[in-house]
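The entries follow the order in which I looked things up.

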Amino acid sequence: MVRIVATLGRCVVKNPAAGGGRWVDVPPERLVSWIVTFTERHGAGPISGDPAGAAVTFEAADGAVAECHPPFPPVPWAGGGDAAAVAAAIVAHAVADRTVGVLLVRLGGYAAGVFTGSPPRLVSSKTGSRPVHGRSAAGGWSQHRFARRRENQAATALRAAAEAAVAIFGPHRLDDLVLGGDKRSITGIRGDPRLAPYLTLATDRFLTVPDPRLAVLKEIPRSFLAIRIRLTDPEPVRPPSADQVN
């Protein structure tokens, strides 16, 4: 379920996070106001960063926690500063000028592009599709024959996606690579040796998209620049038990 949380800025609340809390995506231009509102609502607390520089955690006085995961870690924050200043440092890192490759692949379709500058601008791209038939309900030899045909179509489609990526990425010196589409298709092209130099630059963040078209590719910076926040609410205050009262 997706909904808009107006009180903490325009951001998308996603599925609950494993281990508790929920994930919130906040665009860089709204992060400072989001963190300031979070601090004002819950009370100021300590701020810490993990050793790998992958996250910065804001702990509130009432026990609420906002664990911020900026794009393209590590975050060059050495500690110190109030909540607004730390949030501003995260924003500066998120929107820094870099060259980002994007490869979106779903079975039968792909989009490859290169973004440069700040804000990111699409400077090179290629999209395409190849037919991959659905599964057959028939049995016996017909089913086996259809399955082999479908496997060949899928392999051809993934090779086309890899070829497009190599052609688009080749002229550029990428700083990072963002992968997306569906994970099964991306897994299918990871074994292509032509992509090996680029896959070493891939970020951990995976962008699930329903249809890798050019229009989707042009809007993808909104997703890869967003700061992902694992938001944990404070523990509710429980009334004292009868034994405690007595």
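Entry 1, the second largest pocket. I looked up its lining and found 19 residues, with T203, D204, R205, F206 and R228 nearest the centre. A pocket here is an open set of points on a 1 Å grid over the protein atoms alone, with protein on both sides within 12 Å along at least five of seven lines, and a lining residue has an atom within 4 Å of a point. The space in this pocket comes to about 530 Å³; a volume is what probe spheres set on the points fill, with grid points joined across faces, edges and corners. β11 gives the most to the lining, with six residues, and β10 (176-181) is also among the elements that supply at least two. Strands (E, at least two residues) and helices (H or I, at least four) are DSSP runs, numbered from the N terminus. By class I noted 11 nonpolar, three polar and five charged residues in the lining. Ala, Val, Leu, Ile, Met, Phe, Trp, Tyr, Cys and Pro count as nonpolar, Asp, Glu, Lys and Arg as charged, and the others, Gly among them, as polar.

Residues are numbered from 1 along each chain as its sequence is written, and side-chain values use heavy atoms, with hydrogens and water left out.

The average pLDDT (the predictor's confidence in each residue, from 0 to 100) is 86, and 79% of the residues score at least 70. Over residues 1-9 pLDDT is below 50, yet the model gives this stretch 21 contacts beyond near neighbours in sequence. A contact means heavy atoms within 4.5 Å. Residues 136-141 also stay under 50, with two contacts beyond four places in sequence. Where pLDDT is low, the predicted coordinates should not be read in detail.

In which order do the five strands of the open sheet stand? I read β9-β8-β7-β10-β11, with mixed pairing; two strands pair if DSSP finds at least two bridges between them. β9 (121-129) and β11 (202-208) are at the edges with a single partner strand each, so one side of each has no neighbour in the sheet. Strand β8 (residues 109-116) runs antiparallel to β9, and eight bridges join them.

Between β8 and β9 I found P119 in the loop, joined to S118 by a cis peptide bond with omega about 5°. Another cis peptide bond joins P73 and P74, omega about 5°. P74 lies in the loop between β6 (65-69) and α2 (83-94). F72 belongs to the loop between β6 and α2, and its phi is near 55°, a positive value in a residue other than glycine.

I found one cavity of 30 Å³ or more, a cavity being a set of points where a 1.4 Å probe fits but cannot get out. The largest cavity has a volume of about 40 Å³. Its lining includes S118, G117 and P120, along with R98 and F224. The lining divides into six nonpolar, two polar and one charged.

Note on methods:
This is a predicted model: local features need pLDDT of at least 70, side-chain atom pairs count only at pLDDT 80 or more; totals for chains, interfaces and linings use all residues.
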